[in-house]
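Have the structure open while you read.

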Amino acid sequence: MIEASSLSKRYGAFRALDKVSFEVHRGEVVGFLGPNGAGKSTTMRILTCFISASGGTARVHGHDVFDQPLEVRKKIGYLPQRASLYGEMSVWEYLSFVADMRGLDHGVFKKRMRDIVEVCGIGQVLGKDIRTLSHGFRQRVGLGQALVHNPPILILDEPTSDLDPNEKAEVIKYIKEIGKERTILLSTHNLAEVEAACPRAIIVSKGRVVADGPLDEIRTKSGRVRYVVTVDEQRTFDGGVELRKGSKKAAPTAQEVQDALSALSGVSHFKELPTDDRAHSFEFLGAPGTDARHDIFQLCVQKGWYMLELRREARSLEDVFKALTKGDERLDRGRKVVVEDDEDEAEEDAAEDEADDEEAEDEEGDEGEEDGADDQGEEEAEDKAKAGDKSPSGKKD
Ligand code: ADP
């Protein structure tokens with residue numbers, strides 16, 4: 001449904017995206033994670049045809065975002081980070097206006113509204129002016145706007161930023177509901193939201209994809225996994241039958257348990273744990289990206305040991321996120337990288353680079369909380385798009 005292939009975006013000499021590639025399949029709800037400045041919005045703006053890439057390609061619902069932007073826009077609902085809602089319109093008027101812009105027949109719009117009112121929870125505010133709504137309700141209206149034309153794909157850019165915890169939870173609840181029938185790419189730097197709403201995440205840092213996969217996989221791949229194994233120190237069995245004391249499969253000593261476990265591949269750092277049970281309990285680490293549970297289970301069965309506990313704990317997503325995105329700073333993506341890379345359009349003359357550098361720095365300074373600052377950056381990006389990036393030669397295949 002969404003395919004980004006080697007997407008790059010430069011703002012002057014600064015590389016905001018560096019060959020970003022990923023796919024989102026039909027029906028997936030994918031968290032697009034990264035610290036501020038990682039390149040999430042830039043990617044989303046490219047996918048939604050708001051700005052053009054400096055290199056690479058992207059397809060949405062089979063349509064190229066550069067060559068068939070109108071087709072792409074029909075298939076997506078987009079909630080930008082700060083959705084521009086018209087405060088003086090009532091919610092109904094605004095959504096009806098959006099439906100008109102989308103070319104929806106009034107009868108179809110009214111039918112769609114039944115759905116939207118329910119999944120976005122806006123029934124009680126339909127007649128209210130948007131300017132009187134709380135931020136949480138505005139975001140719900142923003143979601144409604146993205147759903148008016150019943151698109152199969154939703155691109156939501158930090159839909160919960162600036163919301164209070166209750167509002168966040170509400171909006172996530174509605175997104176989950178919406179995600180039952182749609183493909184969603186949801187950007188956020190809030191890990192709890194990803195854990196609540198997205199089975200899969202793509203983590204970006206410094207304009208690059210640093211992890212992509214199911215959350216469990218990301219947790220385990222990015223660090224060692226901790227195991228705790230506890231076996232009975234008195235009782236054993238053979239062929240499903242409990243053995244008497246003194247039989248040839250004698251109750252194991254702690255040393256025997258540790259020796260047997262440490263012979264498994266990729267495990268290390270053994271530590272015996274105190275236990276209240278009559279048992280031997282060990283904690284140890286497994287290699288990143290592996291799962292030793294089956295081997296541990298087989299070992300216990302083969303030895304005739306009763307396993308009282310088997311625990312496998314991956315690192316928290318937060319730890320992984322911190323480790324993967326450490327030092328994500330704009331400065332790391334300066335001109336040097338661009339010059340070193342042959343594949344990108346790095347052959348700008350020095351004077352042009354200099355001017356671009358200054359411009360990029362100014363823009364970073366402008367990147368504030370205010371909408372105005374955001375819009376300005378956008379406009380400049382679009383100017384650049386018109387000036388060059390958007391031209392067929394600006395597109396890299
Ligand atoms: P995120 O959404 O992950 O917070 P963005 O995609 O908004 O990150 O920004 C990625 C980087 O690109 C940031 O360092 C930002 O300052 C820079 N950037 C974004 N838009 C512009 C622009 N119009 N002009 C110059 N730099 C920009």
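## Two helices side by side

Two residues are in contact if their C-beta atoms, placed from the backbone, lie within 7 Å. Helices (H or I, at least four residues) and strands (E, at least two) are DSSP runs, numbered from the N terminus. This is a predicted model: local features need pLDDT of at least 70, side-chain atom pairs count only at pLDDT 80 or more, and totals for chains, interfaces and linings use all residues. Residues are numbered from 1 along each chain as its sequence is written.

Now find Val91, Tyr94, Leu95 and Val98 in H3: they meet Val141, Gly144 and Gln145 in H5. Helix H3 covers residues 91-101 and helix H5 residues 135-147, and they pack at an angle of about 25 degrees with their axes 9 Å apart. (Axes are lines fitted to C-alpha atoms, for helices over the stretch in contact, and angles run from 0 to 180 degrees between N-to-C directions.)

## A strand and its partner

Strand S6 (residues 76-79) points Ile76 and Tyr78 one way, Gly77 and Leu79 the other, and all are buried. Buried means 20 or more other C-beta atoms within 10 Å of a residue's own, exposed 12 or fewer, and partly exposed in between.

S6 pairs with strand S7 (residues 153-157) in the parallel sense, over 4 bridges; pairing takes at least two DSSP bridges. Leu154 in S7 is the bridge partner of Gly77.

Tyr227 belongs to strand S11 (residues 225-238). Is Tyr227 buried or exposed? It's buried, because 22 other C-beta atoms lie within 10 Å.
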